[in-house]
Amino acid sequence: MDKNTNSADGTSIAYEISGDGPAVILVSGAMSTGGTVAPLAVPLSKHFRVAVYDRRGRGASGEASPYAVEREVEDLAALIDAVGGEAALYGTSSGGALALRAAASGLPVRQVAVYEVPFAVYEGGAQERAEYTERLTEALDEGRRGDAVELFLRLTGMAEQMIQGARQSPMWAGMETIAPSLAHDNAVMGDGLVPRDRLASITAPVLAVAGSASPAWMHEAARAIAQTVPGGSYRSLEGQTHMVEPDVLAPVLTEFFAK
């Protein structure tokens with residue numbers, strides 16, 4: 001990240017820009033930095049001025065306590081100002097929930113595209129989120145970062161054998177480093193359910209996307225977003241999972257953001 005802007009509370013937010021044209025800001029999800037969505041900036045930068053940033057508490061960006069989702073919305077406000085005063089937003093997973101929240105807050109957002117925001121649309125989803133919140137808070141309060149990462153991986157549906165394999169991998173140390181930000185994404189997701197009142201207040205066009213190879217409930221969540229936002233639409237990407245291929249997603253985003 002080669003640029004910095006200060007959020008309303010003074011926190012330094014690191015970002016980088018590529019390409020020219022209308023501004024698009026990419027918002028990463030849980031257990032990730034701006035580098036996670038940077039590959040998507042490559043094809044998009046052929047058509048847009050793309051900003052990739054490290055969310056607060058990650059990578060080269062600063063952190064401030066206490067955390068509040070409103071501070072992350074203010075971070076996006078500062079970034080939008082830095083890229084020209086208006087921008088489209090793309091958010092993946094819980095980053096999509098943040099992008100939607102920013103649009104609902106009245107920021108100068110031109111369009112919003114989200115990929116597989118994991119809102120619980122299945123029976124017991126709210127209870128699952130409440131139990132996760134309780135156990136995650138306890139693990140982080142006690143400094144058990146590895147346990148916090150395990151909790152998150154189980155929430156995503158990762159098999160126990162794969163979780164234990166991940167613990168032995170070289171990437172585990174980096175996952176533990178970023179583990180405190182899991183509380184941020186959990187706060188962004190709220191009670192885990194589709195925030196229908198908030199979505200209904202969004203005036204910008206919204207595109208909700210899911211991969212055809214992802215679980216059915218991911219599609220249901222995307223459809224719920226599209227059906228609740230007044231200017232909402234839905235797309236399914238053939239053969240894609242939660243780890244969507246940038247070269248498959250980019251043409252869909254380019255078409256949407258060019259409108």
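## The second largest pocket

In this predicted model, about 200 Å³ of space lies in the second largest pocket, where a pocket is an open set of points on a 1 Å grid over the protein atoms alone, fitting a 1.4 Å probe, with protein on both sides within 12 Å along at least five of seven lines. The volume is the space filled by probe spheres set on the points. Its lining, meaning residues with an atom within 4 Å of a point, includes Tyr 67, Thr 133, Arg 145, Pro 180 and His 184. Helices H4 and H8 each give two or more residues to this lining, and the largest share, 5 residues, comes from H4; helices here are DSSP runs (H or I, at least four residues), and strands are runs of E of at least two, numbered from the N terminus.

By class, this lining divides into 5 nonpolar, 5 polar and 2 charged residues, counting Ala, Val, Leu, Ile, Met, Phe, Trp, Tyr, Cys and Pro as nonpolar, Asp, Glu, Lys and Arg as charged, and the others as polar.

## The largest pocket

About 1400 Å³ of space lies in the largest pocket, and of the 46 residues that line it, the closest to its centre are Ala 30, Ser 93, Phe 152, His 242 and Met 243. Among the elements that each supply at least two residues of this lining are strand E5 (87-92), helix H4 (125-141) and helix H5 (145-155). The lining has 28 nonpolar, 14 polar and 4 charged residues.

## Packing of H4 and H5

H4 and H5 pack at an angle of about 165°, with their axes 9 Å apart, the axes being lines fitted to C-alpha atoms over the stretch in contact and the angles running from 0 to 180 degrees between N-to-C directions. The two helices are therefore roughly antiparallel to each other (over 145 degrees). Their contact, meaning heavy atoms within 4.5 Å, involves residues including Tyr 132 and Leu 136 of H4 and Leu 151 and Phe 152 of H5. The residues of this contact divide into 8 nonpolar, no polar and 4 charged.

## Basis of the model

Residues are numbered from 1 along each chain as its sequence is written, and side-chain values use heavy atoms, leaving out hydrogens and water. Because the model is predicted, local features need pLDDT of at least 70 and side-chain atom pairs count only at pLDDT 80 or more, while totals for chains, interfaces and linings use all residues.

Conventions
Angles under 35 degrees count as roughly parallel, over 145 as roughly antiparallel, 65 to 115 as roughly perpendicular and the rest as oblique.
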